[in-house]
Structures are given as structure tokens and as C-alpha cells.
Amino acid sequence: QETGATMFDFRGQGKGLALAAMLFGISAAAQAGEGRLLYASLGDTTRAPIGWVEFCADNAAQCQGAPTQPRDIVMSQAAWRDLVKVNRWVNETVKPLTDQEHWGVIEKWSLPTDGYGDCEDYVLLKRKMLIDAGWPREALLITVVRDKKGEGHAVLTVKTDKGEFVLDNQNENVVAWTETGYRFVKRQSQSDPNVWVSLGDTRPAVSTASARD
């Protein structure tokens, strides 16, 4: 389903021609038989990451909803520009702070309403902003990965007709999931935000604080 949300008054500008060329390149790759690289392989249902259940208890509106049919975004140039703007605006506006420094606990998921947060807090805000702007929740999936240092990290996966793209507080650019250098561990189900699905990496991972560095 294509979202009609195309206007954001945020800092940062999309690089239109370069982005369009990249999108067309991805589409051509899929038509050439490389479509298997565009989407992560899903496994069995698994446990929610530490912090999600507690976040939902405090923010029921962010987690509620009956199971629905999966929906992907039609990746137009306007939709791409919106993703780039949201990713950059949140990354520039929220200041990195670990949960231990912020709340005095090892792990706590929260919307960064005070301007501070760690990786999953960036994800929660990006997801909320896009949903509030009319994007379908089913295409915006909180995802747990292992970063390049092998540490647990959280990003937002956006499901589109041209593949899966990642919004990340460690990268101002929106990139294809295969270009992140991460190992993908688990993410929300498209049909139910409270069901989590394995992405094939069996090593345990917790999406703990990970400031930009």
C-alpha cells in the first residue's frame, strides 16, 4: 500500500537524483534474479527483546492492535525522501545516552521525549512519527541486530516493494538491509507488532544502549 505521507518540515534534504538512481538500480537487480537479496529470511516466532513488554505496559497505544494483513510501502521518490528526512531529523535531534546514564537501569525502552535516548528509543520515535504521518504500521518493523562490533543494537526496518531498508541512529543515510554490515536477529511480525520473528541468527542478542560513535 502506498502511503500518502510526503510532507515533513524537518531539517535535512533528500538527494533526489542519486536516490532515484539507487532505487531504479535495486528494481533492476530484482528483475535480474537477485530479488532473494532484497528481503530477510524469516524463521520461527521468538521472544520479544528485553524492554518491549515493559514499554507496551507504559505505552499501550504504541503496541495495541489486532492482527492484520502484512503491508509493504510502494517506494516512490517522495516516500524515500520522507524516510531520509525522518531518519536524519531524529538522529540530529535526539542526543545519545545509555539507559544506565538516563534511567539508572541497564535496559529501558522509551520515547525520547526529553531529547535523550539510546538505539531503541531512536527507533521508537521514528516509527511513531511515520505511523502518525499515515504510514502503515505493518511496514515499520522494530528489528534487533548485531552491529559491526558484535553488540546488540536496534534499528527500524521498512518493508517496501523494492526491498527492506533500514533507519539507524548510527547512519544518517537510509540503506538496504544487506548494506548495513549487521547480522539480523529478530524483528516484529508484519501481521502483529507483539509477535517477534527470528531472522536466522541463533546467537542471543539484547538491543541494549548503543550511542553513535
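This is a chat about the fold of one protein, taken from a predicted model.

User: Is β6 buried or exposed?

Analyst: Strand β6 covers residues 163-168, and six of the six are buried, so the strand is largely enclosed by the rest of the structure.

User: Which sense does β6 pair in with β5?

Analyst: Strand β5, residues 152-160, pairs with β6 in the antiparallel sense over five bridges, and the two form a hairpin with two residues between them. Within this pairing, Leu-156 stands opposite Leu-167 of β6.

User: Then what about β6 and β7, how many bridges are there?

Analyst: Strand β7, residues 171-176, pairs with β6 over three bridges, in the antiparallel sense, and a hairpin of two residues joins β6 to β7. If you want to follow the pairing in the model, Asp-168 stands opposite Asn-171 in β7, while Phe-165 has Ala-176 in β7 as its bridge partner.

User: Switching to helices: at what angle do α3 and α5 pack?

Analyst: Two packed helices are described by the angle between their axes and the distance between the axes. Helix α3, residues 77-93, and helix α5, residues 119-132, pack at about 140 degrees with their axes 10 Å apart. An angle over 145 degrees would count as roughly antiparallel, and α3 and α5 are therefore oblique to each other. The crossing of α3 past α5 is right-handed.

User: Which residues in α3 meet α5?

Analyst: From α3 there are Leu-83, Val-86, Asn-87, Trp-89, Val-90 and Asn-91, which meet Tyr-122, Leu-125, Lys-126, Met-129 and Leu-130 of α5. Sorted by type, the residues of this contact are eight nonpolar, two polar and one charged.

User: New topic, where does Lys-186 lie?

Analyst: Lys-186 lies in strand β8, which spans residues 183-188 and is joined by four bridges to the antiparallel strand β4, residues 140-146. Across that pairing, Val-144 stands opposite Lys-186.

User: And is Lys-186 buried or exposed?

Analyst: Lys-186 has a relative accessible area of 11%, and because buried means under 20%, Lys-186 is buried.

User: So what does Lys-186 touch?

Analyst: Not counting residues up to four places away in sequence, Lys-186 touches a list of residues that includes Thr-46, Arg-47, Ala-48 and Pro-49, as well as Ile-142, Thr-143 and Val-144, and also Trp-196 and Val-197. To put a distance on one pair, Lys-186 and Leu-141 are 45 residues apart in sequence and 9.9 Å apart in space, C-alpha to C-alpha.

User: Last one: which strand does Gly-117 lie in, and what is it in contact with?

Analyst: Gly-117 lies in strand β3, residues 116-117, and at 0% relative accessibility Gly-117 counts as buried. Leaving aside neighbours within four places in sequence, Gly-117 is in contact with Val-94, Lys-95, Pro-96, Leu-97, His-102 and Tyr-122. Gly-117 and Val-94 are 23 residues apart in sequence, and in space they are 6.7 Å apart, C-alpha to C-alpha.

How values were computed: Residues are numbered from 1 along each chain as its sequence is written. This is a predicted model: local features need pLDDT of at least 70, side-chain atom pairs count only at pLDDT 80 or more; totals for chains, interfaces and linings use all residues. Side-chain values use heavy atoms; hydrogens and water are left out. Buried means under 20% relative accessible area, exposed over 50%, partly exposed in between (1.4 Å probe, protein chains only). Two strands pair if DSSP finds at least two bridges between them. Axes are lines fitted to C-alpha atoms, for helices over the stretch in contact, and angles run from 0 to 180 degrees between N-to-C directions. Angles under 35 degrees count as roughly parallel, over 145 as roughly antiparallel, 65 to 115 as roughly perpendicular and the rest as oblique. A crossing is left-handed if the near helix is turned anticlockwise from the far one by less than a right angle, and right-handed if clockwise. Contact means heavy atoms within 4.5 Å. Ala, Val, Leu, Ile, Met, Phe, Trp, Tyr, Cys and Pro count as nonpolar, Asp, Glu, Lys and Arg as charged, and the others, Gly among them, as polar.
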